[in-house]
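Thanks, everyone. Today I will talk about charged pairs. Please have a look at the model.

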Amino acid sequence: MEKRRYVTPEEAEKLLPDKENIHTFYNMPFGLLGADWDRQEVVEKIKKSDKIEIAGPCARNIGHGLAVYNDNIKWQSEVLFVETDKEKLDIFDPKESEV
């Protein structure tokens with residue numbers, strides 16, 4: 001089992017791509033539900049959330065390296081996966097196979 005790594009809102013913001021629209025998705029029971037969010041909306045969501053963690057290998061491999069959610073979630077589908085800059089994320093949190 002992989003260890004969970006939580007990050008601060010400030011760290012999370014630094015891992016975002018340098019662009020105005022950031023792709024996000026929710027993992028719904030029927031499949032992935034994705035959308036582009038305005039950068040400022042993503043930053044606000046990150047700041048208001050209780051937990052921000054480095055996503056697991058599947059989400060990370062498709063470029064969505066942050067999982068953002070609140071303590072009181074009932075369903076996995078309430079976790080927002082946020083697009084990250086691959087180079088920044090790999091420097092900040094090297095994959096175990098690369099260490």
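**Salt bridges and burial**

At 11% relative accessibility, aspartate 93 counts as buried, where buried means under 20% relative accessible area, exposed over 50%, and partly exposed in between, with a 1.4 Å probe and protein chains only. A word on the source: this is a predicted model, where local features need pLDDT of at least 70, side-chain atom pairs count only at pLDDT 80 or more, and totals for chains, interfaces and linings use all residues. Residues are numbered from 1 along each chain as its sequence is written, and side-chain values use heavy atoms, leaving out hydrogens and water.

How many salt bridges does the structure hold? Eight. By salt bridge I mean a side-chain nitrogen of Lys or Arg within 4 Å of a carboxyl oxygen of Asp or Glu.

Back to aspartate 93. Its side chain meets arginine 60 in a salt bridge, 2.8 Å from N to O. Arginine 60 lies in helix α3 and aspartate 93 in the segment after α4, so the pair ties together parts 33 residues apart in sequence. Helices here are DSSP runs of H or I, at least four residues; strands are runs of E, at least two; both are numbered from the N terminus.

Arginine 60 counts as buried, at 10% relative accessibility. Arginine 60 also forms a salt bridge with aspartate 90, at 3.1 Å, N to O. Aspartate 90 sits in helix α4, residues 86–92, and arginine 60 in helix α3, residues 57–61. That is 30 residues apart.

A network of salt bridges links Arg5, Arg60, Lys86, Asp90 and Asp93.
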